[in-house]
Amino acid sequence: MQQLTLSVFQPGVLISLAVIGVGLALLLRWTLQGREVDRRVIFAFIFVSVATPVLFPITFEVKATPIAKALFEKIESLPEGTKVMISYDFDPAMAPEVLPMANAVVRHCFQKNHKLVFIAIWATGQSLLNQTLQQVVAVEFPEKQQGIDWCNLGYKAGNEGVMNVIVTNLKKMFPTDVNSTPLEQIEILEGIQSCRDFALIVSLGGGQPGPKEWILYVGDPGNVPIGAGTAAVSAPQLYAYYPKQLIGLLGGVKGAAEYEFELMQKYERFKSVDAPGIRMMGPQTLAHVVIIAFIMLGNVAYLRTRRKKGGAA
Amino acid sequence: MKRQVPLLITLFVGTLLIVSVFVPPLEGMQENSTLFFDIIAVFAFFLGGGNLIRIHLTKVARKKGDWEYSLVTLFGFLLMLSSGLFKIGNPGDIAAAVDTPGSWFQTIFFYMMSPLNSTMYALLAFFVASASYRAFRAKNREATILLVSAFIILLGQTPFGTMLTSWMPDKFSVLEIPNMAVWVMSSPNLAGQRAILIGIGLGVVGMSLRIILGIERTYLGEDKG
């Protein structure tokens, strides 16, 4: 599923592993002496395990899992000029996980010359969408014109209610775009009456409303393919809809990294762009390893206590 | 009368919306009802905003405990409200998008709300680690299964998991950690999630019918149906 090219001679790896390894060994000794680890020590370890790979980057080569690759392949297979809707349904808390995948999906769509219609069901989504427009679209695809290649319908309050309406009538909820331009005057929206006229809808978010609601209120009743990118904590809930109701899913930083990696493999131009998903795999990997180590320490402490109690009895 | 009118409204609207799903010419009813809901919800914004101002103003005026935080809340609320609603500090006109690049609204969002929100969420990593240390203990069979699943998923989410089992021959590839993580997610997790979803779905249908038929009346402020 995944491939890993990790050099242990990278300074970041050496420093991180040395600091964490020595610390954990000391803690194991501490635990074997029958003492519990203070939570502040755990906090310090998590800090070190996240900070060191940020300061000394560790890079991994990640290959996409089938569920992530399915979304990539779907976008890849759509004919040029296909109209795709992308919904920004997340807040700044989820942004470190979800924004990298949003940027990667937008890059991929524009690379394939698809037409993008952006909306936001979360109030914070509209501002985060601006980050994509400023940092990705304006910089990497300056030739793409607003109104012709993409348009931004902005945020609309109403949560699932908005979806319930736009599945049959887009203009009823979005009479204008974010700049108050009537939808009739936007070239990209010619022939678009509702969400049913899009070849694909990608929902990016991990809360409610999010990908699940897009499936329930738009994907199923409107027979529209839905793809999703979500925070890692929400991903397990969406597996139930894959592959029939959900064509593909990017879960957390790993999902973002997998998509970025696929993009780099397929298109040479993206090898030089920033890939925060891949970059964040270093801190995530070390943090996970540290958490696993602490779970082990916890069990050592527990078994020791139980044996002691058993002996006393 | 006080009880019967809301019950009749619920019965009428509920029945109409159910019928509109199955009768295509009535599809517009659903859209209109959603729009009515949105219009009514706008008043909740006024109510919520007004309530927030009233509570925090009272707290500041009476100098109750931690009144300084209330001052910050009021300042933040009014600043965002004025820059968003009246487009103060927005380079565009009143019809421009609230988050036009360079606007106060966008600047405050990017440089204050966004980092603060991300910081709060990032703190979870510390608490998750601490909670895992204390909670994930093999105290019984169920806890051990949970512990093993957590191990597989945690390792499967990282390339480190691949590294640990990449030496395995192809015929044992099912035992590689990433493959085991995929199995946990797509088999036991999927079965559990689907069971929960179907259960919730049936529960929602049952509860909705009880409300529409007037059997469930707790929403009217009654204790018994």
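**Backbone angles in chain A**

Analyst: P209(A) sits in the loop between β4 (200-205) and α8 (211-222) of chain A. Helices (H or I, at least four residues) and strands (E, at least two) are DSSP runs, numbered from the N terminus. This is a predicted model, in which local features need pLDDT of at least 70 and side-chain atom pairs count only at pLDDT 80 or more, while totals for chains, interfaces and linings use all residues. Residues are numbered from 1 along each chain as its sequence is written, and chains are lettered from A and ligands numbered from 1 in the order in which they are written.

User: What is the form of the peptide bond from Q208(A) to P209(A)?

Analyst: That bond, from Q208(A) to P209(A), is cis, and its omega is near 0 degrees. The bond from Y242(A) to P243(A) is cis too, with omega near 10 degrees.

User: Where does P243(A) lie?

Analyst: P243(A) belongs to the loop between α9 (235-238) and β6 (248-251) of chain A.

User: Which residue other than glycine has a phi near 55 degrees?

Analyst: N223(A) has that positive value. The loop between α8 and β5 (226-230) of chain A holds N223(A).

User: Is N223(A) buried or exposed?

Analyst: A residue is buried if 20 or more other C-beta atoms lie within 10 Å of its own, exposed if 12 or fewer, and partly exposed in between, with C-beta atoms placed from the backbone. N223(A) has 9 other C-beta atoms within 10 Å, so N223(A) is exposed.

User: What is the phi of S180(A)?

Analyst: Phi of S180(A) is positive, about 65 degrees, although S180(A) is not a glycine. S180(A) counts as partly exposed because it has 14 C-beta neighbours inside 10 Å.
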